[in-house]
Amino acid sequence: KLAEVLDKRKKFLNPAMFLYYKQPLNIVEGKMQYLFDESGRRYLDAFAGIVTVSAGHCHPEIVEAVRRQNELLQHTTTIYLNHQIADYAEALAAKMPGNLKVCYFVNSGSEANDMAMTMARLYTGNYDIIALRNAYHGMSPATMGLTAHHTWKYNTAQGFGVHHALNPDPYKGAFGNDGARYAEDVQDLIQTATSGRVAGFFAETIQGVGGAVPLADGYLPAVYKHIRDAGGLCIADEVQTGFGRTGTHYWGFQNQGVTPDIVTMAKGIGNGLPLAAVVTTPEVAQVLTSRIHFNTYGGNPVVSAAGQAVLRVLDQEKRQEHCKAVGDYLLTEFRKLQEKHDVIGDVRGRGLMLGVELVTDRKTKAPATPETLQVFEKMKDLGVLLGKGGLRGNVFRIKPPMCFTKDDAEFLVKCLDISLS
Ligand code: PMP
């Protein structure tokens, strides 16, 4: 029961683990886009376990694939052959554009970005890394250095050699939606703050934790050119944006017409199982073979079976197209709410990767943080679970399981209208 769980958590779990909601939820069951608390109350889940449950909670085909593999073989590590990891790598590579064909499996987004950073430094022989203000790339010592979001920073020495460029935020950024101007800032940073040679550049293709912030138009093509001219590799963090969630394309970076050198992915890749990957070209993959590399759980038979089932389900159920249709509907409806409620400063995103930013003043764009929290609590009372984020905690993040229907969207909009009123 809730009180008991809360008590044990307080006594035996690290207090750094934060909880959503004044009166926390004790969730005991999940079915597709719905969650159920201990009293049996149903909630519409618009945050998918932080953008992770891609196909839906306890999707039957994924549950069955995991059950079968669990009964057959759970784990050996990669020192013996097993077909699951190979079959999975082949299936995942088939989803990648260009020459991005070689996979390395790990267990979390942080690990994937750690590895990408190591590979970029080894491959180029350079050290400096460029990342973006407002970014979230993980909480391991190395990736905390890439992350540029005060909530997730400790007062330690992480981030040596990492430079943070202006965030190409079309809503609040200095150069509006002019991607090439922000890319010039990166070039300036390379010329003035590094030796002129860089190891790599990291960007989420829509910033997630930072508040569903898309990159200004034309940003990636321009910045990738500057990075490659300086000898660096371009790394796309697709931890939140991958697997068709943005609707128009399978990968977020495709929305800007670029092909990175390294792609990192996690969250939606495993529908909730601990699975993540770094996908590179064969040339970049070679850098690790100068030594051996090892990850105990990475791509074990169970998670590889789950990963294959996720790819299959998302294709069979045409989830990418579905994300586009439901996402477009939500964007239109959110814009109508924006006309009605002055507190909505911005509505943005693609597919089912959306953000609604609340401000106290549309001119100054000052964050309406307490109001955001109030609405967030009210939405829960009405039975809808949202995500929140942004540097100032004033952005709703709407990133539900990809099976979220138009009826669910209608209900969410209706509840948001009531809550804002
Ligand atoms: N990259 C992005 C874009 C993320 O959103 C996250 C997690 N919020 C990570 C990396 C880190 O993933 P993990 O928590 O699995 O280490």
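**Entry 1: helices H12 and H13**

How close do the axes of helix H12 and H13 come, and at roughly what angle do they cross? I looked this up in the model, which is a predicted one. The axes of H12 (residues 369-381) and H13 come within 9 Å, and I noted a crossing at roughly 130°. Angles from 65 to 115 degrees count as roughly perpendicular and those over 145 as roughly antiparallel. I therefore recorded H12 and H13 as oblique to each other. The handedness of this crossing is right-handed.

I then listed the residues that make the contact. H12 supplies Val 375, Lys 378 and Met 379, while H13 supplies Cys 415, Leu 416, Ser 419 and Leu 420. By class, the residues of this contact are five nonpolar, one polar and one charged.

**Entry 2: helices H11 and H13**

I next turned to the pairing of H13 with H11. The axes of H11 (residues 319-340) and H13 (residues 406-420) come within 10 Å, with a crossing angle of roughly 20°. Angles under 35 degrees count as roughly parallel, and H11 and H13 are therefore roughly parallel to each other. H11 passes H13 in a right-handed crossing.

On the H11 side I found Val 326, Tyr 329, Leu 330, Glu 333 and Leu 337 in the contact. On the H13 side I found Lys 406, Ala 409, Val 413, Leu 416, Asp 417 and Leu 420. The contact of H11 with H13 divides into eight nonpolar residues, no polar ones and three charged ones.

**Entry 3: the four-stranded sheet**

I traced an open sheet of four strands in the order S1-S2-S3-S16, and its pairing is mixed. Which strands stand at the edges? They are S1 (27-31) and S16 (384-385); each has a single partner strand, so one side of each is left without a neighbour in the sheet.

I examined how S16 is attached. Strand S3 (residues 42-45) runs parallel to S16, and two bridges join them. Asp 45 stands opposite Leu 385 in S16.

**Entry 4: the ligand shell**

How many residues surround the ligand? I recorded 15, the closest being Ser 108, Gly 109, Ser 110, Gly 138 and Val 239. Helix H5 (residues 109-124) contributes the largest share of this shell, namely three residues. By class, I noted five nonpolar, eight polar and two charged residues around the ligand.

Note on methods: Residues are numbered from 1 along each chain as its sequence is written. This is a predicted model: local features need pLDDT of at least 70, side-chain atom pairs count only at pLDDT 80 or more; totals for chains, interfaces and linings use all residues. Axes are lines fitted to C-alpha atoms, for helices over the stretch in contact, and angles run from 0 to 180 degrees between N-to-C directions. A crossing is left-handed if the near helix is turned anticlockwise from the far one by less than a right angle, and right-handed if clockwise. Two residues are in contact if their C-beta atoms, placed from the backbone, lie within 7 Å. Ala, Val, Leu, Ile, Met, Phe, Trp, Tyr, Cys and Pro count as nonpolar, Asp, Glu, Lys and Arg as charged, and the others, Gly among them, as polar. Two strands pair if DSSP finds at least two bridges between them. A residue is near a molecule or strand if its C-beta atom, placed from the backbone, lies within 6 Å of it.
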